[in-house]
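Please read them with the structure open.

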Amino acid sequence: MSGVTPGRRAGWIGHTVLALFAAGSLFPLVWTAIAASRNTTRLAQTPPPFWFGGNLLRNLRIAWTDANMGTALFNTVLVAGTVAAGTVLFSTLAGFAFAKLRFRLKNLLLLLVIGTMMVPPQLGVVPLYMLIAELSWTDRLQSVVLPTLVSAFGVFFMRQYLLQALPTELVEAARVDGASSWRVVWHVVFPAARPAMAVLGMLTFVLAWNDFFWPIIALTQNGNPTVQVALTGLGRGYIPDQSVIMAGALLGTLPLLLAFVIFGKHIVGGIMTGAVKG
């Protein structure tokens with residue numbers, strides 16, 4: 001008989017598997033940093049480099065200047081933060097209405113909301129661009145923010161969560177005590193929905209940060225670019241400098257990683273709180 005208990009053996013195997021998955025997940029980021037520290041000539045050689053070079057700061061400085069990265073980062077933080085906050089707020093309100101309130105045609109409206117998820121977003125590009133052109137919003141941040149302030153997925157997600165996490169009796173008790181609809185939302189709905197709101201906010205922020213399709217249509221690289229739009233300027237030219245492109249991608253990724261490092265503990269804590277209450 002071995003001196004290692006089955007529980008300890010399972011724990012060791014589990015930690016090994018998690019370490020391998022973590023290494024595989026971090027490899028693209030590490031490789032981006034390695035490529036950003038080299039030059040295009042070395043990246044074209046075989047085998048490719050697997051350790052850092054000495055050009056990282058130089059390539060970062062070129063990418064920051066050529067891509068107008070300072071403005072792009074500020075715009076992206078503003079856009080992603082506003083979209084995430086708006087989506088969380090409006091989706092929570094709509095999800096609460098569909099989950100706990102009674103009104104005519106509720107089920108039909110919910111089906112219509114879910115049905116919009118089946119429509120490819122590419123189909124609405126032409127009329128949406130015609131609308132923002134009519135409003136003179138081309139190359140302005142509101143053209144990216146306003147069309148995405150609420151999502152059908154967010155409404156459905158919050159509705160499903162509140163169906164289980166928010167007892168109907170609690171809402172009725174608040175109304176019996178004389179609470180208005182807004183007080184019920186503020187003091188009852190928001191505290192109960194906080195874990196789901198954190199998850200939805202995180203997902204929405206990441207999607208808005210990485211969005212490329214609509215911003216490249218509505219914005220320009222020299223006007224009010226987001227990070228993804230600004231990075232397109234680095235790939236132009238007869239022979240694009242791949243190391244500078246990688247440096248720009250690294251600059252666009254680091255703020256997102258920093259946000260996860262700062263707020264990740266709170267997000268996971270909120271998820272675990274919701275799981276324990278459920």
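Predicted model: local features only at pLDDT ≥ 70, side-chain atom pairs only at ≥ 80, totals over all residues.

1. Of the contacts in the protein with a separation of 6 or more, 70% are between residues 24 or more positions apart.

2. The protein has 13 helices and 0 strands. Buried residues account for 33% of the 278 residues.

3. Two packed helices are described by the angle between their axes and the distance between the axes. For helix H9 (residues 168–176) and helix H10 (residues 181–210), the axes come within 10 Å and cross at roughly 130 degrees. That angle makes H9 oblique to H10, because over 145 degrees would be needed for roughly antiparallel and 65 to 115 degrees for roughly perpendicular. The crossing of H9 and H10 is right-handed.

4. Which residues in H9 and H10 meet? From H9 they are Leu170, Val171, Ala174 and Arg175, and from H10 they are Ser181, Val184 and Val188. By class, this contact of H9 with H10 has 5 nonpolar residues, 1 polar and 1 charged.

5. On aromatic side chains, a search of the whole structure finds 5 pairs. Phe153 and Phe157 form a stacked pair, because their ring planes are at 25 degrees, with the ring centres 5.8 Å apart, and planes under 30 degrees apart count as stacked. The two residues are 4 apart in helix H8 (residues 152–165), so about one helical turn separates Phe153 from Phe157. Phe153 counts as partly exposed at 41% relative accessibility, and Phe157 also counts as partly exposed, at 24%.

6. The pair Trp186 and Phe190 is edge-to-face, with 5.9 Å centre to centre and 70 degrees between the planes. Both residues belong to helix H10, where they are 4 residues apart, so about one helical turn lies between Trp186 and Phe190. Are these two residues buried or exposed? Trp186 is exposed, with a relative accessible area of 57%, whereas Phe190 counts as buried at 15% relative accessibility. The cut-offs behind these words are under 20% for buried and over 50% for exposed.

7. Leu128 is found in helix H6 (residues 125–134). At 24% relative accessibility, Leu128 counts as partly exposed. Leaving aside neighbours within four places in sequence, Leu128 is in contact with Pro147 and Trp214. Leu128 and Pro147 are 19 residues apart in sequence, and their C-alpha atoms are 8.4 Å apart in space.

8. Two backbone positions deserve a look. Leu105 has a phi near 60 degrees, a positive value in a residue other than glycine. Leu105 is found in the loop between helix H4 (69–100) and helix H5 (106–116), and counts as exposed at 56% relative accessibility.

9. Asp139 is the other position, with a phi near 65 degrees, again a positive value in a residue other than glycine. Asp139 is found in the loop between H6 and helix H7 (142–145). At 22% relative accessibility, Asp139 counts as partly exposed.

Note on methods. Residues numbered from 1 in each chain as written. Heavy atoms only, no water. Axes fitted to C-alpha atoms, helices over the stretch in contact; angles between N-to-C directions. Parallel < 35°, antiparallel > 145°, perpendicular 65-115°, else oblique. Left-handed = near helix turned anticlockwise from the far one by under 90°. Contact = heavy atoms within 4.5 Å. Nonpolar A, V, L, I, M, F, W, Y, C, P; charged D, E, K, R; others polar. Phe/Tyr/Trp six-rings, centres within 6.5 Å; stacked < 30°, edge-to-face > 60°. Buried < 20%, exposed > 50% of the residue type's maximum accessible area, 1.4 Å probe, protein only.
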